[in-house]
Amino acid sequence: MDYKFKIAMEEKFSLKNISTLNKLSETYYKSLLDINSTINSMPTLDEETMIDLNRELLFIPDFSQINIHSKYYSFLISSCLDLISSLKGILNSKNKWDTIYFSKTGYLVIYELVKTNNYYNGVIFNIINNNSELLEQHKLINYNLKILKKDFNYKEFISKIRNKTSAHFDKDFSVFFELIQDLDTKKSEKALIAFLQVLIEMLKFHVKISSKIVLNYNQEIKKTTTNLNNLIVEKKNNL
């Protein structure tokens, strides 16, 4: 099944093309390195810059929102990289066990992606709650994930593959073996491609959120600087 998501795909490319997947992997890995370099350079809350001007305290806005979002965005990129690797593994597989292995790892990534996205939904909503365009895109992304969860039986099938064959092995090997023998690897390929499509759209969406957060931060810096300058002028006038 070719999924026609409500979010229009801006880039048209085949996710069955190994060369395309390799280019995506290289691009996203570079982004992951860049983002984490930025995260590591951010001050923590207890290192906030504080200015003491005649007992009047001004705080430079903290980096918490940027930090939280950057870490979630990094998780999404790493999930994308893992899905790409799993999909390439399936497409390049020469035997049954390879396709089983990469199917298991792909379903594990999908399970953790959905679970973590649910956790962060509230955080993301609070960041974009005054932007109707971003709210609508956020709603559509979650709608698309809901479709995929239903079509690929996230609650029963994907969670069982994750819990009994990939993240954990069932203590009863017959349960494990029955599950992997029954894996429809063609369906695995379709599932990985479908979730990867939505994940790529999620990454584009979160680039927009990053821009919004940085803009808000810069506005707060400008506001703080203005207040500081006004205080300096006031103090000079009172001398």
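## Helix pair α2 and α3

Angles under 35 degrees count as roughly parallel, over 145 as roughly antiparallel, 65 to 115 as roughly perpendicular and the rest as oblique. In this predicted model, the axes of helix α2 (residues 64–92) and α3 come within 9 Å and cross at roughly 160°. The two helices α2 and α3 are therefore roughly antiparallel. Their crossing is left-handed (the near helix is turned anticlockwise from the far one by less than a right angle). Axes here are lines fitted to C-alpha atoms, for helices over the stretch in contact, with angles from 0 to 180 degrees between N-to-C directions.

## Helix α3

Helix α3 covers residues 96–128, 33 residues in total. From first C-alpha to last α3 reaches 45 Å, close to the 48 Å expected at 1.5 Å a residue (1.5 Å times one less than the number of residues). A kink of about 45° is centred on Y120, the bend being the angle between axes fitted to the seven residues ending there and the seven starting there.

At the start of α3, a side-chain oxygen of N95 comes to within 3.2 Å of the backbone nitrogen of W97.

N153 sits in the loop between α4 (132–151) and α5 (154–166). Its phi is near 55°, a positive value in a residue other than glycine. Most residues other than glycine have a negative phi. N153 is partly exposed because its relative accessibility is 33% (buried is under 20%, exposed over 50%, partly exposed in between; 1.4 Å probe, protein chains only).

T165 belongs to helix α5 and is buried, at 0% relative accessible area. A polar atom of the T165 side chain lies 2.6 Å from the backbone oxygen of I161.

## Basis

Residues are numbered from 1 along each chain as its sequence is written, and side-chain values use heavy atoms, with hydrogens and water left out. Local features need pLDDT of at least 70 and side-chain atom pairs count only at pLDDT 80 or more, while totals for chains, interfaces and linings use all residues.

Note on methods:
Helix = DSSP H or I, 4+ residues; strand = E, 2+ residues; numbered from the N terminus. Polar contact = N/O pair within 3.5 Å; in protein donor to acceptor, adjacent residues only side chain to side chain.
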